[in-house]
Amino acid sequence: MQVHVITLFPEMFTALDAGLIGRARQQGLLSIHTHDLREHGLGSYRQVDDTPYGGGSGMVMRPEPLAAAIDAVTAAMPGLLTILMTPQGELLDQLTARELAGHQPGLLLIAGRYEGFDERVRTMVDRELSIGDYVLSGGELPAMVVIEAVARLLPGVLGNPESLREESFGDSAGLEYPQYTRPEEFRGMRVPEVLLSGNHAKIREWRADESRKRTARRRPDLIPERRKP
Ligand code: 4HQ
């Protein structure tokens, strides 16, 4: 899968050279291509932003540089799903990540700066995505969050697809059960006896139970509503 990103800060995406994503890229499972929006800036100052009509504080991204950048990328690679990163978008969740991971040939993410986009930019994208209800200074970190959530779902990226199936949200289930590793006792806290018992039926039951309790306490919003009769 290809992921293209339009950004004023291509150097931020070197973070994706490391770890699982870095390895996936070396293996050719994923390619990441940054496109510097400044190259489509207007005038000798390569301007990409301007003051808002009607007044108000802050700057807004002008539509022409974004349109030129989107056109250049999509002309070279047709079929990319074009996604604007914005707090006004649909909230990213595991289901959306899975859907994006299935899109061929890949994605074009738009990471903006300033206070937002000229409204007409929205007509040039397929979707708008938010990574959560808080305000950041740019769409770069949100774009990287999308890339990471999507990349680990691509075939061959995770060593052990079992861990994919079991983890939280993987099967739209609840939160993960508590996990322990060595030592058996740490600062007076013991590993639950059942996990040392070797009784795998009991362990499965304990984990399912803990997972249910934890989800009910911490994330009741994740519990599916009872089907009404
Ligand atoms: N921004 N989820 C402002 C975000 C954001 C988010 C991206 C900051 C767009 C213009 N994006 N720029 N939260 O806060 O996606």
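Predicted model: local features only at pLDDT ≥ 70, side-chain atom pairs only at ≥ 80, totals over all residues.
Helices here are DSSP runs of H or I with at least four residues, strands are runs of E with at least two, and both are numbered from the N terminus. Pro105 falls in the loop between α3 (94–101) and β6 (106–110).

Residues are numbered from 1 along each chain as its sequence is written, and side-chain values use heavy atoms, with hydrogens and water left out.

**Backbone geometry**

Pro183 sits in the loop between α5 (161–166) and β8 (185–186). Arg46 has a positive phi, near 55 degrees, and is not a glycine. Arg46 belongs to the loop between β2 and β3.

**Ligand site**

The ligand is surrounded by 17 residues. A residue counts as near when one of its heavy atoms lies within 4 Å. The closest are Met85, Ile131, Gly132, Tyr134 and Leu136. By class, the shell holds nine nonpolar residues, seven polar and one charged. Here Ala, Val, Leu, Ile, Met, Phe, Trp, Tyr, Cys and Pro are nonpolar, Asp, Glu, Lys and Arg are charged, and the others, Gly among them, are polar.

Which strand gives the most to the shell around the ligand? β5 does, with three residues. β5 (81–91) and β7 (127–130) each supply at least two.

| Residue, backbone atom | Ligand atom | Distance |
|---|---|---|
| Thr86, polar backbone atom | oxygen | 3.4 Å |
| Ile131, backbone N or O | nitrogen | 3.0 Å |
| Leu136, polar backbone atom | oxygen | 3.0 Å |

Taken alone, the ligand exposes 360 Å², and the protein buries 97% of that. These areas come from the Shrake-Rupley method with a 1.4 Å probe.

**Strand pairing**

Strands β1 (residues 2–7) and β2 (residues 31–36) run parallel, joined by six bridges. Pairing requires at least two DSSP bridges between two strands. Thr7 stands opposite Asp36 in β2. From β1 the chain passes through helix α1 (residues 19–26) to β2, in a right-handed β-α-β crossover. Right-handed means that, with the strands pointing away from the viewer, the path from the first strand over the helix to the second runs clockwise.

**Salt bridges**

How many salt bridges does the structure hold? There are 15 (a side-chain nitrogen of Lys or Arg within 4 Å of a carboxyl oxygen of Asp or Glu). In one of them, the side chains of Asp50 and Arg62 meet at 3.2 Å, N to O. Asp50 lies in strand β3 (residues 49–50) and Arg62 in the loop between β4 (60–61) and α2 (63–76), so the pair ties together parts 12 residues apart in sequence.

Definitions and conventions:
Polar contact = N/O pair within 3.5 Å; in protein donor to acceptor, adjacent residues only side chain to side chain.
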